[in-house]
Every structure is written in C-alpha cells, then in structure tokens.
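Here are a few friendly notes to read alongside the model. Please keep the 3D view open as you go through the points.

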Amino acid sequence: MSPDELELSSANVQALYLAASEVRERAYAPYSNFHVGAAVMDETGRIHVGCNVENAAYPIGQCAEASAIAAMVAAGGRQVVAAMVVGEADDTVTPCGGCRQRLREFANDDVPVLLADAKRVREVMSIGELLPRSFGPDHLKHQHL
Ligand code: THU
C-alpha cells in the first residue's frame, strides 16, 4: 500500500486513538506527572506506539513522539502517514519543537497530526502547519563537495 492510497479513515483514526491512549497509560513520568502517548501509522498501515520516558537526569527524558518514531524505525517503517498525540491539559497538547522536527524527518507537509485528550480528538494539524518551511532530508540532496 502506498502512502497516497492510505486514507485516514475513521477506523484508522480510532485505531490510532486507542493505541496512543493505551500506551499513554504506561508513560513513565514521575517528575512531571504529565503522561503522553503517541501513535504513528507507517507506509504499510502498521501502527507504532510510544510514551514519554522521563529520567532523574531531567534533560535526557524522552517524549512520546520520539519513542513512537523509534519503534517505527526499529520495525522497518520509513514513512509516517498519520500521527496521534494524546495528552491532558487545558489547551490542546501539541508536539514540542524537537518532536515536530522528528516527525518531519519521516513525514511530508500534508501528513495529519491528530491532537487528542483522554476524551476525544480535539484538533488536527498538518506537519506543514506545525513546522512551516521546515528543514528536511531534501535539503541534503544537493551535496557541496
Ligand atoms: N511530552 C511529550 O512526551 N510529548 C509532547 O508532545 C509534549 C511533552 C512530555 C515530555 C515530558 O516527559 C512531559 O511531557 C512534560 O513536558
């Protein structure tokens, strides 16, 4: 299945939401107590999940999106065709700046990122909206030797 053929059907939205919500329950966030779950769908339709993993050495904690992307890459996935982030706050939880760039590495501008809380999907933003005019793999195609 090519990424173009993969529609973000309501079944896919539901599957991503369930996967991200479930993994969020396993987040390791004893310092912030802010639990986040993420799920990414790859170019074959498989869903990979990740949660945030904090550390007593605070700066090396890992975001849920980074964990999900690592799981995708380890499983052989190379393209993100849709992503879901589940977190609970007054405002919609959006990926941090670093994770926007991490997602961008494997996703084009049109890829939808669904932003959800414990109850529902609150918003959908594209990678291009989250990270306009991003630096990406294509910039490295022109090599200066
Ligand atoms: N966090 C994520 O995992 N993803 C986000 O999109 C926002 C923030 C995590 C990092 C840290 O463990 C906690 O949430 C508080 O910032």
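How do the residues of the shell around the ligand divide into nonpolar, polar and charged?

1. A word on the source before the answer: this is a predicted model. The shell around the ligand is made up of six nonpolar, three polar and two charged residues.

2. To find that shell in your viewer, select Ser32, Phe34, Val36, Asn52, Glu54, Cys63, Ala64, Glu65, Thr94, Pro95 and Cys96, the residues around the ligand.

3. The ligand sits in the second largest pocket, which has about 190 Å³ of space. This pocket is lined by 15 residues, and Phe34, Val36, Asn52, Cys63 and Ala64 are the closest to its centre. By type, the lining of the second largest pocket has nine nonpolar, four polar and two charged residues.

4. In Glu54, a side-chain N or O atom is 2.5 Å from an oxygen atom of the ligand. In Asn52, a side-chain N or O atom is 2.9 Å from an oxygen atom of the ligand.

5. Ala64 takes part through its backbone: a backbone N or O atom of this residue lies 2.8 Å from an oxygen atom of the ligand. As for cover, the ligand taken alone exposes 380 Å², and the protein buries 76% of that.

Note on methods. Residues numbered from 1 in each chain as written. Predicted model: local features only at pLDDT ≥ 70, side-chain atom pairs only at ≥ 80, totals over all residues. Heavy atoms only, no water. 1 Å grid on protein atoms, 1.4 Å probe; cavity = no way out; pocket = protein on both sides within 12 Å on 5 of 7 lines; lining within 4 Å. Points joined across faces, edges and corners; volume = space filled by probe spheres on them. Nonpolar A, V, L, I, M, F, W, Y, C, P; charged D, E, K, R; others polar. Near = heavy atom within 4 Å. Polar contact = N/O pair within 3.5 Å; in protein donor to acceptor, adjacent residues only side chain to side chain. Areas by Shrake-Rupley, 256 points an atom, 1.4 Å probe, with all protein chains shown as cover. Sits in = over half its atoms within 2 Å of the grid points.
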